[in-house]
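Please open the model in the viewer and keep the selection panel at hand.

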Amino acid sequence: MIRLGVDFGGLTIKAAALGPSGDIIHSLSESTPGNYSAALNIMNKLVTDIEKKIGRKLPVGVCMAGSISPVTGRMRNSNRLYMNGKDVKDDLEYVLNRKIKIANDANCFALSESYDGVGKGVPIVCGIILGTGCGGGLVIDSKLIEGSNGIAAEWGHNPLPWTNFQEMKGIPCYCGKVGCLEQWISGTGLSRSYKARTKLEKTGKEIVELAAQGDSAAVFEISALTDRIARAIASICNIIDPDVIVLGGGLSNIQSLYSDLPALVEKFVYADRWNGKILPSTWGYSSRVRGAARLWT
């Protein structure tokens, strides 16, 4: 069966048709717009254009930040604020003229990596996205766990654990709370920390490059970021104890994370020994759109 996934990202909307063997047959993308109506129109256009190439309508799965409230049926917790409070699923089904499946982007990331990525065949897989924000998804025995309220593994809006003195004053989050992980272990958080130290505006990618060149402030902030990620992962391990933790998003390209994190995590895990694995994703930026298509598996 050919399935179509749509990844509604903060910067880009990507659509891809996934073939029976897991290969991407066609894919298209456009920049994410600044309003709701334009977002629906772009998703409809991407789906329609791919279906013209294939020659028939396809089952569509969609992933995006946030989740559908089981109480109201409306979108909540999206960092694209114009999506919140909208009947996204119903509106997309109307525009596309079919039933769709929709899930959180980190959930789809975890599902993809559990199905045919680094978590294939593993009992408990936790997917972590470290990008503009941060989020998590959980798959147990190949089944996506969303929870009774649809917020399972919404790890980005837990507080940073085991804070040091410099971290005690939490940073306000767009969700209305203070001190969320998303404000500490994300590209946005890395840029903010670097600016506080240097007064310079740099993206997360630029800071990583500066660290590789020996910039002392960048090296310090990457080290601090790694320590914060380790503490945050340890809090997951103390509750879920996953076999594999898969990292995605732009910050997952920091290669030192995979060598440095395990020993740091073990310091905070409530066990005599921790043998979980922290691995980069198999499918990279395509994991989310692949997972969206896999919602129809």
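Select helix H6 (residues 216-237) and helix H7, whose axes lie 8 Å apart and pack at an angle of about 55° (helices are DSSP runs of H or I of at least four residues and strands runs of E of at least two, numbered from the N terminus; axes are lines fitted to C-alpha atoms, for helices over the stretch in contact, with angles from 0 to 180 degrees between N-to-C directions). H6 is therefore oblique to H7 (angles under 35 degrees count as roughly parallel, over 145 as roughly antiparallel, 65 to 115 as roughly perpendicular and the rest as oblique). This is a predicted model, in which local features need pLDDT of at least 70, side-chain atom pairs count only at pLDDT 80 or more, and totals for chains, interfaces and linings use all residues. Residues are numbered from 1 along each chain as its sequence is written, and side-chain values use heavy atoms, without hydrogens and water.

Next, show the side chains between the two helices. Residues of H6, including Ile229, Ile233 and Cys237, meet residues of H7, among them Leu261, Leu264 and Phe268 (contact means heavy atoms within 4.5 Å).

Ile245 has Ile278 in E12 as its bridge partner.

Finally, move to the open sheet of five strands, ordered E3-E2-E1-E4-E7 with mixed pairing. Its edge strands are E3 (24-31) and E7 (100-104). Strand E4 (residues 60-64) runs parallel to E7, joined by five bridges, and Gly61 stands opposite Lys101 in E7.

How values were computed. Pairing = 2+ DSSP bridges.
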